[in-house]
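I opened this entry to look up charged side-chain pairs and nonpolar surface. My notes follow in the order I looked.

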Amino acid sequence: MKIYTKTGDEGTTGLFGGTRVQKNNLRIESYGTVDELNAYIGMIKDQEISTEIKQSLLKIQHDLFTLGAMLATPPEKETLKNGSERLNIPKIDTNSILFLENEIDQMETTLPQMTHFILPGGHTTVSFCHIARCVCRRAERLTVVLHEQESINQTILMYLNRLSDYLFVLARKLSQDLSIEEIKWIPEKL
């Protein structure tokens with residue numbers, strides 16, 4: 001399989017099912033941002049962190065590939081002519097969301113209660129979590145707009161929303177694991 005096909009040389013790309021769209025199509029922007037998020041999560045996973053967190057991040061990376069495939073499949077192409085599903089893979093579902101919620105709950109058991117907003121930073125690994133959280137929020141915003149234009153699986157939106165929460169809590173957990181003091185946002189008084 002060649003890495004270059006030349007089919008996109010004029011600014012179009014193919015969705016699952018064969019539909020060709022401009023590379024700046026909202027559907028492409030949505031799953032492209034999910035791909036960007038996946039790359040940042042890979043960068044977090046490459047840091048000196050616990051094996052357990054690395055395993056969770058690897059699962060999330062697999063889930064994001066699935067989510068991207070779901071976004072790359074227009075609703076009218078989800079079902080083949082023979083009635084079977086085009087994507088013959090397990091989809092993002094409520095169990096995927098429960099996984100994130102359980103991970104969040106587990107991390108929060110050891111964290112101090114938040115009393116202030118927290119500024120990103122303190123350690124490179126923590127900053128990577130915050131960057132990934134911001135990219136996740138952008139993917140969520142783009143996907144919301146896509147959902148307004150054409151129906152997508154609601155679980156995708158729920159997953160992205162929960163994943164940004166997970167990344168925020170992960171930043172806090174890694175601050176704790178790395179003995180980094182969280183930087184509280186305390187606005188100056190007038």
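**Salt bridges.** I searched the whole structure, and eight salt bridges came up. I note here that the model is a predicted one. I then went through some of the pairs one by one.

**Asp63 and Lys59.** I looked at this pair and found the two side chains in a salt bridge, with N to O at 3.0 Å. I wanted to know how the two residues are placed in helix α2. Asp63 and Lys59 are four residues apart in that helix, which covers residues 51-71, so about one helical turn separates them. Asp63 has 10% relative accessibility and counts as buried, because the cut-off for buried is under 20%. Lys59 has 31% and counts as partly exposed.

**Arg137 and Asp165.** Next I checked Arg137, which forms a salt bridge with Asp165; their closest N and O atoms are 3.5 Å apart. Which helices hold the two partners? Arg137 lies in helix α4 (residues 124-149) and Asp165 in helix α5 (residues 154-177), so this pair ties together parts 28 residues apart in sequence. I read a relative accessible area of 29% for Arg137, which is partly exposed. Asp165 is also listed in my notes at 29% relative accessibility, and counts as partly exposed.

**Arg172 and Glu182.** I moved on to Arg172, which forms a salt bridge with Glu182, the closest N and O atoms being 2.7 Å apart. Arg172 sits in helix α5, while Glu182 sits in the loop between α5 and β4 (183-185), so the pair ties together parts 10 residues apart in sequence. Is Arg172 buried or exposed? Its relative accessible area is 7%, and I logged Arg172 as buried.

**Nonpolar surface.** Which residues make the nonpolar patch of about 400 Å²? I listed Phe117, Leu119, Ile183 and Trp185. The elements giving two or more residues to this patch are β3 (117-119) and β4. I looked up Trp185 separately and found this residue in strand β4. Trp185 has 42% relative accessibility and counts as partly exposed.

Conventions:
Residues numbered from 1 in each chain as written. Predicted model: local features only at pLDDT ≥ 70, side-chain atom pairs only at ≥ 80, totals over all residues. Heavy atoms only, no water. Salt bridge = Lys/Arg side-chain N within 4 Å of Asp/Glu carboxyl O. Buried < 20%, exposed > 50% of the residue type's maximum accessible area, 1.4 Å probe, protein only. Patch = residues over 30% accessible without salt bridge, like charges linked within 9 Å, V, L, I, M, F, W, Y side chains within 5 Å. Areas by Shrake-Rupley, 256 points an atom, 1.4 Å probe, with all protein chains shown as cover.
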